[in-house]
Each structure stands twice: as structure tokens, then as C-alpha cells.
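The sequence and the model are shown first.

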Amino acid sequence: MKITADTEACVASGQCVLLAPGTFDQDEDSGTVVLLAAEPAAGEEDAVRQAELTCPAAAIRVTGA
């Protein structure tokens, strides 16, 4: 599973951070998504997929298994 985050599309809702805090963070200044790892933290696979579905800007993409 690979994760990408489009910081330009991000609207800083923070849903990804709430769902998968080991994989996502927010920039302190802009609030936009910060990808902590291109692959999910241990046990966060389902949460990362949920973050992709929940993102209001469709800024998160998950590919692979």
C-alpha cells in the first residue's frame, strides 16, 4: 500500500490526522496535510483507507494492496 497526499488540494479539515495520526499530520502554519510515511504505520491500514474516503478535498490517494 502506497499513500500520496496532495498538499495543494488539501483544505486542512484534519480528518486524516484524526483517523490515522501515525501516518498523517498537519502543517503548523497552513494546516494542510503532512504525510509522515509513504506506507501506513503498523495497524493503520484500515484507518488510512478511511481517511482517503473521508477527505473532503480528495487529497489523499491510496494505491496497492
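With which residue does lysine 2 form a salt bridge, and how far apart are the closest N and O atoms? The partner is glutamate 39, and the closest N and O atoms lie 3.1 Å apart. A salt bridge here is a side-chain nitrogen of Lys or Arg within 4 Å of a carboxyl oxygen of Asp or Glu. Lysine 2 belongs to strand 1 (residues 2-5) and glutamate 39 to the loop between strand 3 (33-35) and helix 2 (45-54), so the pair ties together parts that are 37 residues apart in sequence. A search of the whole structure finds 1 salt bridge.

The model is predicted: local features need pLDDT of at least 70, side-chain atom pairs count only at pLDDT 80 or more, and totals for chains, interfaces and linings use all residues. Residues are numbered from 1 along each chain as its sequence is written, and side-chain values use heavy atoms, with hydrogens and water left out.

## Overall fold

The protein has 2 helices and 4 strands, arranged along the sequence in the pattern β-α-β-β-α-β. The radius of gyration is 10 Å, close to the 11 Å that the globule rule gives for 65 residues, so the protein is as compact as a globular protein of that length. Helices (H or I, at least four residues) and strands (E, at least two) are DSSP runs, numbered from the N terminus. The radius of gyration is taken over C-alpha atoms, and the globule rule is 2.2 Å times the number of residues to the power 0.38.

Along the principal axes, the C-alpha atoms fill a box of roughly 30 × 20 × 15 Å. Of the 65 residues, 29% count as buried, where buried means under 20% relative accessible area, exposed over 50%, and partly exposed in between (1.4 Å probe, protein chains only). The accessible surface, from the Shrake-Rupley method with a 1.4 Å probe, comes to about 3,800 Å², of which 49% belongs to carbon and sulfur atoms. Among contacts (heavy atoms within 4.5 Å) between residues at least 6 apart in sequence, 53% join residues at least 24 apart.

## Strands 1 and 4

Strand 1 and strand 4 run antiparallel and are joined by 4 bridges; two strands pair if DSSP finds at least two bridges between them. Threonine 4 has arginine 61, in strand 4, as its bridge partner. In a regular strand the side chains alternate between the two faces of the sheet.

Glutamate 52, in helix 2, is in contact with Ile60, Arg61 and Val62, leaving aside neighbours within four places in sequence.

Glutamate 44 and proline 40 are placed in the loop between strand 3 and helix 2. Is glutamate 44 buried or exposed? Glutamate 44 is buried yet has no salt bridge, and the nearest side chain of opposite charge, arginine 49, is 12 Å away. Not counting residues up to four places away in sequence, glutamate 44 touches Ala20, Pro21, Gly22 and Thr23.

Proline 40 is in contact with Met1, Ile3, Thr23, Glu45 and Val48, leaving aside neighbours within four places in sequence. The C-alpha atoms of proline 40 and phenylalanine 24, 16 residues apart along the chain, are separated by 9.0 Å.

## Backbone and accessibility

Most residues other than glycine have a negative phi, and most peptide bonds are trans. Alanine 12, in the loop between strand 1 and helix 1 (15-19), has a positive phi of about 60 degrees. Alanine 58, in the loop between helix 2 and strand 4 (60-63), has a positive phi of about 55 degrees.

The table lists relative accessibility for selected residues.

| Residue | Relative accessibility | Class |
|---|---|---|
| Lysine 2 | 45% | partly exposed |
| Alanine 12 | 30% | partly exposed |
| Glutamate 39 | 45% | partly exposed |
| Proline 40 | 17% | buried |
| Aspartate 46 | 67% | exposed |
| Glutamate 52 | 22% | partly exposed |
| Alanine 58 | 40% | partly exposed |

Methods. Lys, Arg positive; Asp, Glu negative; His and termini not counted.
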